[in-house]
Structure formats: C-alpha cells, structure tokens
Amino acid sequence: MRVKAIPAALTAAVLLAVAGCGGHDDAAESDGDGTPTKAAQQAASGDFGDLKGVCGPGTAKSAPAQGVTADEIKVGVFSDVGFTKKSEFSDAAKVFTSWCNEAGGVNGRKLVATTRDSRLMEVRQRMLEACKEDFALVGGGAALDALGVKDRLECTLPDFPGQVSQIQNNGSDLQLNATGGASYSRYQGYYEWLLKEGYPGSAKAVGTIGGDAPVTKVINAEAQEALQAAGAKIVYKDLYPTQGVSDWTPYAQALKSKGVKGLIFNGDMVSLTKLEQVLTGMNYKLDWIDANNNSYGPAFLQLAGKSLDFQNNLADLSGVYPLEKAADNPATEQVVELFKRYAPKAQVTLPALRGFAAWALFAKSAKSCGDALTRLCVYEAARKETAWTGGGLLAPVDLSKSDAPLTCFNIEKATSKGWEPADFEPNQGAYRCDAPAYKFKGDYGKPLTLADVGKSMSDVK
C-alpha cells in the first residue's frame, strides 16, 4: 500500500481490498539433508541482513522507562486488523519478536508486542492505551492515524512506523519514518521517468481518478501538482464514490473521449481491475496505468484477469526491494525464511517488509542504549542513521532529517507471470537513485510537533 496515505482510506471498499491473499503453508527447521536452515542459523546469531548482532543476550538490570524492565520491553503495534482483516503488521511483529527473543532479546530483554487494533475509527482510544503501557510504537500503522498523533505527542511516545497515512502524522515529532518527508513528492522520480523516459508520448494526456474521500482528495491534489511539475498536462480529473461503482463504463468512456494515455489511480485494486476490464472490452489501451503499490501482490494479478497483459500496470515501491527477487537479496530472503519459521501461514507483503525494517531500526537503536534504555536514547540513536536500509530491505534513507525527499525509487510491472521490475534503468542495485526533490507548493496541511501540544524535547525522558 502507499505509505504516505491509503487511497480512499475512509471506506471499507478500499481497506478490505488492500494487500493480497495466500501465504506459506509449511514451516521448516532444517533443509532436506538435516542442515539447519538459514532462518535457524540467523535466529542463533541475532544478525539481520547486513546488521550484526541486532538481537542477543545481555545483562540488563534496571527499569529506566515506562514499559521497560530488566526482563522485557513492551511496545505497541497499531493496525486496523479488526476492520480490514489484514494482519500484516501483527504478522511482522510476531516474526521479528519471535526471532529476536530466540536470539536473546535486546541486551537480554524480551520484546513484548501488543497489537493496538484501531478498527479504522478507534485510533485515539488505542493511542490512549498505548500512552499508559508502551515504551514505544513499532512497525504498525492506521489509516486514520491523525486521530492519535496529538495524544502520542502529549505522552511523548516515540513512533517507528511501518506505515504513515495522514499529513498531520507523516513526519510528526518523535517519529522515525523511513518513507520520505511530508512536504516532498514521494513519487517524483517515478513521474519523471514515466513522462520523460518511459512513455514521453503520454505527457500531454494524463488523467487522475481517486475515491471521493478527504484523504484521497489530498493525495489526488498532490499527485496532480507533482505530475504538472514533471511536465504533464492533466486532461482528465475525476472521483468515484467510495461505496463502490456498479458500472465503470462512463469512466472508461470519459477516459477514451479525452484521449488519456497515462492514468494515476488512487483507489482500491478491486475498483481499478473493474475499470480496466471495461477499458479492455472497449479495446482502449493506455500507455500506462499507475496501479499504485497497494496493488503490489498476488491479489491484483488474480483480479485483473484478461486485462492484465492488455493494459500496462505499473507501481513504484519507493525503494523497497521487490519480493519476487528475494533470492537475490539476503535481507529479503531472510524475512521470507523467518516467516516460514515463525508464521508459516502468513503472507509476506510490502507493508510487512516496511514493518520489519521498522522493527530492525528499533532493535538496533535500543541495543545501543544498553541498560539505560530510555525514550530519548532510542529516539536519538535512530535519528543518527543517515543511510538506513533496514539491513538491506530498503534503498538508503537519511533519518537524521524528519522532512527529506526520497532519492531512490524502483518500478514494478504487473504481468500474467507475476510482478517484475520494469525497465527503468536502475543505477544503484535494484534502485534508481537520481529522483529530483520536488517540494509541494500547495497547502495540504502540516505534521504536528511537540510545540503544538505544549511540549519540547526536554519533556522526553
């Protein structure tokens, strides 16, 4: 899913369609010849990707902060699982903490993760609970996360999110967010490539469609500004009812009549596949369709049907190593193996990878604090990471700044054989790291700060 915001996040039609289906069926402790699997070996070592000794035994003795004792560290994991039925953040938490604790914990302290099920509309209630019990928030996210950010800052709770959604939360204080600054276009490199290199003939005929909800309207407005900055001429703009569309024919006819060649779709994958089926039935093929990374996974491929090879569906993973190439990347391969070991029926998804990277950041930062594990220490340790990759799961991100543009992107293409990297000419491994920094000129809101709630860093203990 898009990390900056969930398209049409206010509706069941979107949230219930996010992510995919399927998963791993069998756990394995050893290879066929009896040799321990990599997952088993890594559990013993406490290494993750290129991070050495992230987890392991220690001699912690004190209880220096809320949620921290000599034996354990209590953290919260936000999720809308009670509404979406998608457990990817909880799955990532289960896998990471099981692996880390088996390796000895963080300096000997066991990680105890509590899922804070916000059920879409109960963000504030769960945040108030987290404020009373948790040391930090790690590896989660909620569609309406702006509802809880004020309370989080008032109780000075650090946040290591797997996902951020709304402007007020994206880049808010005490947050270690590896998905780019709120004031910059996250997809500028992707847009520039689409319009100037990949499909230059589409630049004068771009359209946007999104769900008719406040969150999505902001996403659409930002996309339109960023596209125009990249040289696009927007010839079609539309919204669709978030409760669903019974007949996508009028939308398809409008796209054809306007001669749209490139389409940004900010909505749920079910609606997009229905629209594409109508377009395909009309024999109208666009140069490209941005299916957005909510669609990255097997579910979209299954839903798209015959239109999959006719239309050209693309998605920008914004610097997350592609899952289908896991065997080529030790960190991604390790996540897949750890899921097989600790959550064999769960699916490894894009949000799960982001959540896992957030857990790695938290564990590494907490380890550096030793026995004196405080919120201020773990936050400041994480903020020192100037080229964070989550052990190799991500393209390098500078976490020393709360509002900085992403410089790397990687584009995926949907095919009948599966998702695969598009021909976008990567220049740094799996990524292309020459994305221009585009700072939004429109007023889309601002992230909350400690000062907004009458606090400062001196209140963080």
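**Entry 1: aromatic pairs**

I searched the whole structure for aromatic pairs and got 21. I kept in mind that this is a predicted model. Next I looked up where the two residues sit. Trp 248 is in the loop between strand S6 (234–240) and helix H9 (249–257). Phe 265 belongs to strand S7 (residues 262–266). The two are 17 residues apart, so I noted the pair as a link between distant parts of the chain.

**Entry 2: H4 against H13**

I turned to helix H4 (residues 88–102) and helix H13 (residues 330–342). How do they pack, by angle and by distance between axes? I read an angle of about 90° and axes 9 Å apart. That makes H4 roughly perpendicular to H13. I listed the contact residues next. H4 brings Asp 91, Ala 92, Lys 94, Val 95, Ser 98, Trp 99 and Glu 102. H13 meets them with Gln 334, Leu 338, Phe 339, Arg 341 and Tyr 342. Sorted by class, I have six nonpolar, two polar and four charged residues in this contact.

**Entry 3: second largest pocket**

I noted about 270 Å³ of space in it. Its lining has 16 residues. Which of them lie nearest the centre? I found Ala 182, Ser 183, Gly 445, Lys 446 and Pro 447 there.

Terms used
Residues are numbered from 1 along each chain as its sequence is written. This is a predicted model: local features need pLDDT of at least 70, side-chain atom pairs count only at pLDDT 80 or more; totals for chains, interfaces and linings use all residues. Side-chain values use heavy atoms; hydrogens and water are left out. Axes are lines fitted to C-alpha atoms, for helices over the stretch in contact, and angles run from 0 to 180 degrees between N-to-C directions. Helices (H or I, at least four residues) and strands (E, at least two) are DSSP runs, numbered from the N terminus. Angles under 35 degrees count as roughly parallel, over 145 as roughly antiparallel, 65 to 115 as roughly perpendicular and the rest as oblique. Contact means heavy atoms within 4.5 Å. Ala, Val, Leu, Ile, Met, Phe, Trp, Tyr, Cys and Pro count as nonpolar, Asp, Glu, Lys and Arg as charged, and the others, Gly among them, as polar. On a 1 Å grid over the protein atoms alone, a cavity is a set of points where a 1.4 Å probe fits but cannot get out, and a pocket is an open set with protein on both sides within 12 Å along at least five of seven lines; lining residues have an atom within 4 Å of a point. Grid points are joined across faces, edges and corners, and a volume is the space filled by probe spheres set on the points. Rings of Phe, Tyr and Trp (its six-membered ring) pair if their centres lie within 6.5 Å; planes under 30 degrees apart count as stacked, over 60 as edge-to-face and the rest as tilted.
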